[in-house]
Amino acid sequence: MINQNINRFSPLVRIGGWGFFEIIVKKNFVVRSEEETANFAKIVASELFPGDIICLEGDLGAGKTTFTQGVASGLEVPDDQYVTSPSFAIMHQYDGKIPLYHFDFYRLGMVDEIIDLGFEELFYGEGVCVIEWAERAEEILPRNCLTIHLSILDEQQRKVEISWSDDLWQKKIDAIFSKLSS
Ligand SMILES: Nc1ncnc2c1ncn2[C@@H]1O[C@H](COP(=O)(O)OP(=O)(O)OP(=O)(O)O)[C@@H](O)[C@H]1O
Ligand SMILES: [Mg+2]
């Protein structure tokens, strides 16, 4: 279903903020509809565990909230808890089989707000964090996130670029893509 034009191994090396080397692995593919984005997210959700963090990047309307709705569905968040953009609240919590913390940093002023509101501990907590506009608080996010960058190609199609640098994510990504191709 998903056009798997995937760069299986396109490792990039970047020097982390603290001077260590980090191998970043990327995969790219195209989704052709809102339903494909949500379905992909649902499959991602099937591999999530407490403490996992997904950083969503991309322009307004790229599909970050749509992706989060798919994650919520995969985590069995009840339908009556509709996942909307939490811009004004910075974070909404949903009760799925694992708690889902949905952040949106679009209107974030300074990263200190996250710390002042006590949200930082949620990055190391019992739930899954999905963060829209994560790039706005990069400096306080743990390094072992899965980053998903969505780009608008046309009205229906989105380019999905996934990157990670952690062995645990590598295993999850392998499982996710084997589910997608089956
Ligand atoms: N392939 C696709 N994947 C996701 N959304 C799509 C796709 N094709 C069309 N759309 C439409 O694009 C819009 C995506 O909106 P969404 O709120 O998910 O974006 P967003 O990235 O969260 O934006 P914002 O930065 O404003 O929060 C929806 O109206 C959806 O119907
Ligand atoms: Mg949104």
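Visitor: How do the residues of the shell around ligand 1 divide into nonpolar, polar and charged?
Guide: This is a predicted model, in which local features need pLDDT of at least 70 and side-chain atom pairs count only at pLDDT 80 or more, while totals for chains, interfaces and linings use all residues. Residues are numbered from 1 along each chain as its sequence is written, and chains are lettered from A and ligands numbered from 1 in the order in which they are written. Ala, Val, Leu, Ile, Met, Phe, Trp, Tyr, Cys and Pro count as nonpolar, Asp, Glu, Lys and Arg as charged, and the others, Gly among them, as polar. On that scheme the shell around ligand 1 divides into four nonpolar, nine polar and five charged residues.

Visitor: Which residues come nearest to ligand 1?
Guide: A residue is taken as near a molecule if its C-beta atom, placed from the backbone, lies within 6 Å of it. Two helices, α1 (34–45) and α2 (64–74), each supply at least two residues of this shell, where helices (H or I, at least four residues) and strands (E, at least two) are DSSP runs numbered from the N terminus. Of the 18 residues around ligand 1, those that come nearest are Thr-37, Gly-63, Lys-64, Thr-65 and Thr-66.

Visitor: What pattern of helices and strands does the protein chain follow along the sequence?
Guide: The secondary structure comes to four helices and eight strands. Read along the sequence, these elements follow the pattern β-β-α-β-α-β-β-α-β-β-β-α.

Visitor: Which elements do the buried residues of α2 pack against?
Guide: A residue is buried if 20 or more other C-beta atoms lie within 10 Å of its own, exposed if 12 or fewer, and partly exposed in between, with C-beta atoms placed from the backbone. Eight of the eleven residues of α2 are buried, so this helix is largely enclosed by the rest of the structure. Those buried residues include Lys-64, Phe-67 and Val-71. They pack against α1, β3, β4, β5, β6 and β7.

Visitor: Is Glu-76 buried, exposed or partly exposed?
Guide: Phi of Glu-76 is near 65°, a positive value in a residue other than glycine. Most residues other than glycine have a negative phi. With 14 C-beta neighbours inside 10 Å, Glu-76 counts as partly exposed.

Visitor: What is the phi of Trp-133?
Guide: Trp-133 is found in the loop between β6 (128–132) and β7, and it counts as partly exposed because it has 19 C-beta neighbours inside 10 Å. Although Trp-133 is not a glycine, its phi is positive, at about 55°.

Visitor: In β5, which residue is the bridge partner of His-92?
Guide: Strand β5 (residues 99–104) has five of its six residues buried, so it is largely enclosed by the rest of the structure. Two strands pair if DSSP finds at least two bridges between them, and β4 and β5 pair in the antiparallel sense over five bridges. These two strands form a hairpin with three residues between them. In β5, the bridge partner of His-92 is His-102.

Visitor: Which residue in β6 stands opposite Asp-104?
Guide: β5 and β6 pair in the parallel sense, over five bridges. Within β6, the residue standing opposite Asp-104 is Glu-132.

Visitor: Which residue in β8 stands opposite Thr-147?
Guide: Strand β7 (residues 146–152) and β8 pair in the antiparallel sense over six bridges, and they form a hairpin with five residues between them. Strand β8 (residues 158–164) is mostly covered, with five of its seven residues buried. The residue in β8 that stands opposite Thr-147 is Ser-163.

Visitor: Which residues touch the most other members of the largest nonpolar core?
Guide: A nonpolar core is a set of buried Ala, Val, Leu, Ile, Met, Phe, Trp, Tyr and Cys residues joined through C-beta atoms within 7 Å. Of the 39 residues in the largest such core, those touching the most other members are Ile-54, Val-71, Leu-100 and Ile-131.

Visitor: Which element gives the most to this core?
Guide: The elements that give two or more residues to this core are α1, β3 (53–58), α2, β5, β6, β7, β8 and α4 (167–181). The element that gives the most, with five residues, is α1.

Notes. Two residues are in contact if their C-beta atoms, placed from the backbone, lie within 7 Å.
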